[in-house]
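User: I have a model open and want to know what stands behind the labels put on it. Please take me through them one at a time.

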Amino acid sequence: MRNIRIGDIETAYEVIRRPVKHPRIELRDGGIKLILPHSCDDPEGILRRHEAWIHRKLSYIRDARREAEGISLEDRSVDELRELIEGLAAELAGRLGVEYGRITLRTMRTKWGSCSSRGNLNFNTLLRHLPDELVEYVVLHELAHLVERKHNRDYWRIVSSVNPAHERMEHLLSVYWFAINRDGGE
């Protein structure tokens with residue numbers, strides 16, 4: 001681990017060498033992972049070229065963590081969560097005119113949910129700590145992938161047609177992620 005100052009933020013970064021073609025920057029837990037091809041010999045140069053983006057993301061993480069300090073978490077069971085999700089999925093699928101397959105709940109390390117190419121919906125059991133409106137948003141987010149797979153302009157138009165406050169919802173999901181992890185997850 002090495003340290004670097006990005007604007008007003010001092011942070012640690014780790015260089016990981018892999019057989020990849022292009023460098024990749026990952027921001028995890030406020031630190032930086034720099035995934036580099038074996039042939040790359042200027043890790044700090046890569047970080048400097050992306051300094052504005054990194055600073056923006058690190059600032060966002062810092063602010064979301066602060067906001068998470070004041071959040072109280074819901075305490076519903078996984079069975080209660082399943083019932084809520086199944087009801088929301090049926091309602092929202094009708095509004096979007098889509099059909100979905102199986103609904104699965106499981107612990108996920110990095111996502112709130114996912115939608116398979118077969119139309120099966122997977123949801124993180126950590127959703128049980130979120131208020132109903134955010135659970136509803138995550139269900140909407142996954143169902144919208146049955147219309148448009150990628151997070152492109154059409155996708156966000158679909159989401160926005162049901163929930164115009166999607167940008168605020170995305171922000172709150174980040175805040176709640178930090179709040180849950182502040183308390184140690186499940």
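Analyst: The model is predicted. Glutamate 26 lies in strand β3, residues 24–28.

User: Why is glutamate 26 called buried?

Analyst: Buried means under 20% relative accessible area. Glutamate 26 has 18%, so the residue counts as buried.

User: What makes the link between glutamate 26 and arginine 24 a polar contact?

Analyst: The cut-off for such a pair of N or O atoms is within 3.5 Å. The side chains of glutamate 26 and arginine 24 are joined at 3.0 Å, so the pair meets that cut-off.

User: Which strands form the open sheet of three, and in what order?

Analyst: The order is β5-β7-β6, and the pairing is mixed. β5 (103–106) and β6 (113–115) are the edge strands.

User: What makes β5 and β6 edge strands?

Analyst: Each of them pairs on one side only. From one strand to the next, the twist averages 15 degrees.

User: How do you know that β6 and β7 pair?

Analyst: Pairing needs at least two bridges. β6 and β7 (residues 121–124) have three, in the antiparallel sense, so they count as paired. Across from serine 114 stands asparagine 122 of β7.

User: What packs on this sheet?

Analyst: Helix α3 (residues 78–96) does, touching β5 and β7. The direction of α3 makes about 145 degrees with that of β5.

User: Which residues have the most contacts inside the largest nonpolar core?

Analyst: They are Ile85, Trp112, Leu127 and Leu130, in a core of 56 residues. Helix α6 (residues 166–182) gives the most to this core, with nine residues. Isoleucine 85 touches Ile103, Leu105, Phe123, Leu127, Val135 and Val139, again without counting residues up to four places away in sequence.

User: How do you know that the length of α6 is close to the expected value?

Analyst: The expected span is 1.5 Å times one less than the number of residues. For the 17 residues of α6 the expected value is 24 Å, and the helix reaches 24 Å from its first C-alpha to its last.

User: Which residues of α6 are buried, and what covers them?

Analyst: Among the buried ones are His166, Met169, Leu172, Leu173, Tyr176, Trp177 and Ile180. Their cover includes α2 (51–68), β7, α4 (132–144) and α5 (153–162).

Definitions and conventions
Residues numbered from 1 in each chain as written. Predicted model: local features only at pLDDT ≥ 70, side-chain atom pairs only at ≥ 80, totals over all residues. Heavy atoms only, no water. Helix = DSSP H or I, 4+ residues; strand = E, 2+ residues; numbered from the N terminus. Axes fitted to C-alpha atoms, helices over the stretch in contact; angles between N-to-C directions. Contact = heavy atoms within 4.5 Å. Core = buried A, V, L, I, M, F, W, Y, C linked by side-chain atoms within 4.5 Å. Buried < 20%, exposed > 50% of the residue type's maximum accessible area, 1.4 Å probe, protein only. Polar contact = N/O pair within 3.5 Å; in protein donor to acceptor, adjacent residues only side chain to side chain.
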